[in-house]
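Please look over the model shown here. A short report on its fold and packing goes with it.

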Amino acid sequence: MFWGVLKAASCHVIKSESVMASSRTRLVCLRSGMWSLLFYCVYSHLKVVLSEDVLSCENLRLGQYPLIHIDEATQEPENCRDTTAWVECLPAPNISCRLSNGTEFKFSGKEVGFNKTISCRNVSGYSYKVAVALSLFLGWLGADRFYLGYPALGLLKFCTVGFCGIGTLIDFILIAMQIVGPADGSNYIVDYYGARLTRLSITNQTYRKPHLSL
């Protein structure tokens, strides 16, 4: 009888130890799962943050992607139609950006990164540098007005010696500020990164942002 009681007690101790071992195993698995989940969440967050730091290729600044198919004579895209052109852009060497499919790519300067629609100007052969030079040195003879296609004003300036110098000064300022342009309504030929001026005007379609005090 004594041996039977001892045997039963031994079996009970063994069962208790097995239950404790199983509980410990479950606890270890639960902790491992929690740490894995925490690591995955942190990794996913860092991946999103780092991917946001890389700009989309279409959001690169103008000096970071040279345009190809630019006409050297007019300094405008070759396929300029109605003040817009569809151009190919080559990101500069060592520029990294995200392509349209979401992948990050580091360019060497020879690959076409993306296509983009840009605004362009209608030009017809009148150079801004030439017009300013003629107005500065030969404006009193009306050479600037003859060059831009205003023969009547050019002849009048020639006969009056530039309206006694006053007309010469006024024309030089107007041409230098690109207020007076070619007579056919086209734009000056200006270097692509040169002194291009854009006139801003307010119309009924202009959005007016309300003041904070209103």
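The report goes from the overall layout to one helix, then to ring pairs and a few single residues.

**Basis**

This is a predicted model: local features need pLDDT of at least 70, side-chain atom pairs count only at pLDDT 80 or more, and totals for chains, interfaces and linings use all residues. Residues are numbered from 1 along each chain as its sequence is written, and side-chain values use heavy atoms, with hydrogens and water left out.

**Overall layout**

The protein has six helices and six strands. Helices are DSSP runs of H or I with at least four residues, strands are runs of E with at least two, and both are numbered from the N terminus. Along the sequence the pattern reads α-β-β-β-β-β-α-α-α-α-α-β.

Of the 214 residues, 25% count as buried. Buried means under 20% relative accessible area, exposed means over 50%, and partly exposed lies in between (1.4 Å probe, protein chains only). The protein exposes about 15,800 Å². Carbon and sulfur atoms supply 65% of that area. Accessible areas come from the Shrake-Rupley method with a 1.4 Å probe; for residues, only the protein chains shown count as cover.

Contact here means heavy atoms within 4.5 Å. Among contacts between residues at least 6 apart in sequence, 57% join residues at least 24 apart.

**Helix α2**

Helix α2 spans residues 128–138. Its buried residues are Y128, A131, V132, L134 and S135. They lie on the same side of α2, because they cover an arc of only 160° around the axis. The arc is taken from the directions from the helix axis to the C-beta atoms. As background, an α-helix has 3.6 residues a turn, so residues three or four places apart point the same way.

K129 and F137 sit on the other side of α2, and both are exposed. The buried residues of α2 pack against β5 (123–127), α3 (143–148), α6 (166–176) and β6 (187–189).

A side-chain oxygen of S127 comes to within 3.4 Å of the backbone nitrogen of K129. A polar contact is a pair of N or O atoms within 3.5 Å; within protein, one must be able to donate a hydrogen and the other to accept it, and residues adjacent in sequence count only if both atoms are side-chain atoms.

**Aromatic rings**

Rings of Phe, Tyr and Trp (its six-membered ring) pair if their centres lie within 6.5 Å; planes under 30 degrees apart count as stacked, over 60 as edge-to-face and the rest as tilted. By this rule there are four aromatic pairs. Two of them are listed here.

| Pair | Centre to centre | Angle between planes | Type |
|---|---|---|---|
| Y65 and F114 | 5.3 Å | 65° | edge-to-face |
| F105 and F107 | 4.8 Å | 75° | edge-to-face |

The pair of Y65 and F114 links distant parts of the chain, 49 residues apart. Y65 is in the loop between α1 (2–53) and β1 (84–89), and F114 is in strand β4 (residues 114–119). Y65 counts as buried at 3% relative accessibility. F114 counts as buried at 7%.

In the other listed pair, F107 is buried, with a relative accessible area of 3%. F105 counts as partly exposed at 34%.

A charge also meets a ring. The charged end of R145 sits over the ring of Y150, 5.1 Å from its centre. The rule asks for NZ of Lys or CZ of Arg within 6 Å of the ring centre and within 35 degrees of the ring normal.

Q178 lies in the loop between α6 and β6. Its phi is near 60°, a positive value in a residue other than glycine. Q178 counts as buried at 9% relative accessibility. Leaving aside neighbours within four places in sequence, Q178 is in contact with Y128, Y188, A195, R196, L197 and R199.

A195 is in the segment after β6. It is partly exposed, with a relative accessible area of 46%. A195 and Y128 are 67 residues apart in sequence and 9.3 Å apart in space, C-alpha to C-alpha.

C164 is in helix α5 (residues 161–164). C164 has a positive phi of about 60° although it is not a glycine. C164 is exposed, with a relative accessible area of 73%.
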